[in-house]
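Trainee: I have a structure to read. Could you take me through it, one feature at a time?

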Amino acid sequence: MKPLKELTRPNVWALKPYSSARDEYSGVEASVFLDANENPYNAPNNRYPDPLQGELKALIAPLKGVDVKNIFFGNGSDEAIDLVFRAFCRPGIDNVVAIDPTYGMYKVCAEVNDVEYRPILLDVYYQFKASSLLSAIDENTKAIFLCSPNNPTGNSLCRKEVESLLNRFDGLVVVDEAYIDFSDSPSMLKDLDKYPNLIVLQTFSKAWGCAAIRLGMAFASPEIIAIFNKIKYPYNVNLLTQKEAIRMLQRPEQVKEWVDTLLEERARLMKEFAQLPCCKRVFPTDANFFLAQMYEATQIYNYLVREGIIVRNRTNVALCKDCLRITIGTKEENDALLEALRKVEVE
């Protein structure tokens with residue numbers, strides 16, 4: 001890995017971060033707060049939240065097997081993705097490499113930050129070779145983005161190839177594990193100490209059933225986390241989000257039950273899909289969704305919309321012609337989808 005100073009944008013490295021009122025007396029027990037121009041009424045929502053989410057990090061650290069200094073919380077994983085560009089990529093100069101197809105926000109963030117985005121097509125098995133991605137890099141490539149399990153394909157990426165990238169690329173490798181709780185593949189979190197250029201993303205949106213609270217997680221070396229904290233907005237995770245996440249962390253048995261139920265429904269729904277006359281192929285998955293190739297996917301998608309059933313049409317995405325992405329719902333929702341699709345006539 002290149003020295004972190006060399007990877008970081010010079011203006012970010014030299015930046016003196018904004019110091020919030022809550023930062024300046026950290027560790028002190030106080031009862032009178034006259035420092036932040038807050039309204040003294042309507043407690044507790046009148047006070048600014050903990051800017052570094054200390055209580056929440058203390059709960060997450062043992063659960064994930066990492067140190068508190070390895071954790072960053074953001075307004076969804078999208079904030080952490082955007083921070084990679086803002087911290088390390090010089091607009092109009094640097095570039096990033098990513099697999100294709102994959103999660104669309106990597107490209108959006110690149111374009112917003114005026115950073116060249118270099119997509120490298122996956123093979124017919126939705127896998128990649130490290131050599132293919134490395135052939136696309138140059139001296140201005142700052143990061144490589146991988147999503148595993150991948151979206152929209154659902155499969156986990158080959159770990160050997162991921163590790164090859166980490167060993168051979170001197171920039172940052174971002175591994176987005178939004179769907180890792182539904183996969184048998186192990187997380188990359190245990191490799192943080194081994195690879196100083198690794199950033200792992202996870203989220204409360206999927207297995208934890210908390211998409212509405214917008215809480216994403218990034219795990220990396222303390223040095224990378226410090227740079228994220230340096231440039232994030234001072235109070236990027238609001239108090240209500242922190243409280244709900246803390247509440248959910250006290251219910252791990254409920255989350256496990258949800259995941260187990262979704263995995264059972266995933267197996268059932270995929271088996272039923274494979275028998276539908278309108279379905280050509282069901283792709284293997286490690287996520288809470290699967291990709292299905294249909295006969296005339298757009299027509300079927302429009303028909304389902306008219307029936308009040310919404311799936312994701314991915315037919316215009318690379319390597320996904322005539323594919324629908326199906327999220328695993330409740331048994332009742334899945335049955336409604338199957339009932340509607342059994343009525344589709346194939347010419």
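Trainee: How many disulfides does the count come to?

Mentor: A disulfide is a covalent bond between the sulfur atoms of two cysteines. This model is predicted, and here the count comes to zero disulfides.

Trainee: Is Cys-320 buried or exposed?

Mentor: Cys-320 is buried, because its relative accessibility is 0%. Cys-278 is also buried, at 0%.

Trainee: Now charges. How many salt bridges are there?

Mentor: Look for a side-chain nitrogen of Lys or Arg within 4 Å of a carboxyl oxygen of Asp or Glu. The count comes to 15 salt bridges. One of them joins Lys-129 and Glu-161, at 3.9 Å from N to O. This pair links distant parts of the chain, 32 residues apart. Lys-129 is in the loop between strand S3 and helix H7, and Glu-161 is in helix H8.

Trainee: What separates Lys-331 and Asp-335?

Mentor: About one helical turn, because they are four residues apart in helix H13.

Trainee: Which residues form the negative surface patch?

Mentor: Asp-23, Glu-24, Asp-50 and Glu-55 form this patch. Glu-55 lies in helix H4 and counts as exposed, at 53% relative accessibility.

Methods: Residues are numbered from 1 along each chain as its sequence is written. This is a predicted model: local features need pLDDT of at least 70, side-chain atom pairs count only at pLDDT 80 or more; totals for chains, interfaces and linings use all residues. Side-chain values use heavy atoms; hydrogens and water are left out. Patches are made of residues with over 30% relative accessible area and no salt bridge: like charges are joined within 9 Å, nonpolar side chains (Val, Leu, Ile, Met, Phe, Trp, Tyr) within 5 Å. Accessible areas come from the Shrake-Rupley method with a 1.4 Å probe; for residues, only the protein chains shown count as cover. Lys and Arg count as positive and Asp and Glu as negative; His and the chain ends are not counted. The place of a charge is taken as NZ of Lys, CZ of Arg, CG of Asp or CD of Glu. Helices (H or I, at least four residues) and strands (E, at least two) are DSSP runs, numbered from the N terminus. Buried means under 20% relative accessible area, exposed over 50%, partly exposed in between (1.4 Å probe, protein chains only). A disulfide is a pair of cysteine sulfur atoms within 2.5 Å.
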